[in-house]
Amino acid sequence: MTFMKKTLTASIAVAAASSLAISTAQADMSDGEVRIGYLADMSGTYRDLAGPGGLTAMEMAVADFGGSVNGAPIVISSADDRNSADVGANTVRGWIDQDNVDMVGGLVASSVSIAVTNVLEENNGLGIVSGSAASSITNEHCTPNHIHWVYDTYPLANGTAKAVVDQGGDSWFMLTADYAFGHALEADVTSVVEANGGEIVGGVRHPFPTNDFSSYILQAQGSGAKIVGLANAGADTVNAITTASQFGLTQSGQQLAGLLIFLNDVHALGLEATQNLLLTTGWYWDMDEQSREWAQRYFDEVGRMPTMVQAGIYSSTMHYLKAVEAAGTDDPETVRAQMAEMPIEDFFARNGSIREDGRMIHDMYLAQVKTPDESTGEWDLYEILSTIPAEEAYRPLSESQCKLVQN
């Protein structure tokens, strides 16, 4: 009887201590929950490269983490920014003011990301940009309140444009989406082409988004340039390549350089139209066994292989949750510092680390689209030609205009 009584007393004490520990841990989480907002284009030009599939990737990360951090449930909200900077900024402002969202993820159109990160800086929030390309996001538009995860225009230019010039493509006509991302990519490509002995002989900027590329392709044909560089993305790139094919651009001797090509673009266009296209990517589902294993899980959920952005959303969400767990709080400043201290080595990122400017650097890859004869299946689309090491892939800090960098 005495033994049973002592055991019961000890059990109650352990349960109470355990309950107190959970309550204390939850007290360090604002509102007793870890709240994440997923913001992306869910219905327009960039839907397939991130969109609902990116939300699924984020949900997979939360489920794999166990659904809670130190006893605090993880809650996800989502919204369609419709590629509008105003819509994106207002959505995030509402999430912060009314819902106390701790971290905003997704973030695709660069103009939206720049507007949102300004809101995050004003309100001491935290954002992880996974879909945007503009290198300015961690350069002149850097803040202490966001991290840029998957890729940006600097490695796209240094990978694809340099490879094309090295192969003799030394005269370029630029077809550019007329907003922050397109401008950044055009500037980075121009620098790389000229630094490697080539020249930009002309260019035109098109509204974002655009359905009719006829007049732009005619201008490109009339330029006489060897290479027509596509500084756009998503449906705009698909429409531009389709129009170029209809107008016989490549048949007349010019070559297209897709400067931001996603897996879903190649899949939509088909290998007949895209074969041998050079591209730079931050990840490919068939890179190695680790990538294939995660990609197959994603495929089972969505019915499509993931893009590098969707894989990056999983990776960045998981890294964020690990940092919250390690820090014991969801305080944005504390968590961002914790994230920067932890290396990133997962199925997505090799040799990953977060620099003082907020850029997550990791190995990038120069790839080539396979020919129909080389492909062994519906999603067997790329051959990885070479690795661009993390330290070489991104803009050197010595060239940075970021206010957080001491040059």
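Predicted model: local features only at pLDDT ≥ 70, side-chain atom pairs only at ≥ 80, totals over all residues.
Q: OK, how many bridges join E11 to strand E14?
A: There are 4 bridges between E11 and strand E14, residues 364-369. The two strands run antiparallel.

Q: Which residue in E14 stands opposite Leu278?
A: Gln368 in E14 is opposite Leu278.

Q: What is the strand order in that open sheet?
A: The order is E11-E14-E15, 3 strands with antiparallel pairing. Strand E11 (278-281) and strand E15 (382-388) are the edges, each pairing on one side only. On average, neighbouring strands are turned by 30° against each other, direction ignored.

Q: And which helix packs on the sheet?
A: Helix H5, residues 153-166. Helix H5 touches E11, E14 and E15. The direction of H5 makes about 160° with that of E11.

Q: Switching to pockets. How much space lies in the largest pocket?
A: About 250 Å³.

Q: Which residues lie nearest its centre?
A: Thr250, Leu256, Ala273, Gln275 and Leu277, out of 13 lining residues. Helix H8 (235-246), strand E10 (255-258) and helix H10 (271-274) each give two or more residues to that lining.

Q: What volume does the second largest pocket have?
A: About 170 Å³. Its lining residues include Tyr314, His319, Lys322, Glu345, Asp346 and Phe347.

Q: And how do the residues of that lining divide?
A: Into 6 nonpolar, 2 polar and 3 charged for the second largest pocket.

Terms used
Residues numbered from 1 in each chain as written. Heavy atoms only, no water. Pairing = 2+ DSSP bridges. Axes fitted to C-alpha atoms, helices over the stretch in contact; angles between N-to-C directions. Contact = heavy atoms within 4.5 Å. 1 Å grid on protein atoms, 1.4 Å probe; cavity = no way out; pocket = protein on both sides within 12 Å on 5 of 7 lines; lining within 4 Å. Points joined across faces, edges and corners; volume = space filled by probe spheres on them. Nonpolar A, V, L, I, M, F, W, Y, C, P; charged D, E, K, R; others polar.
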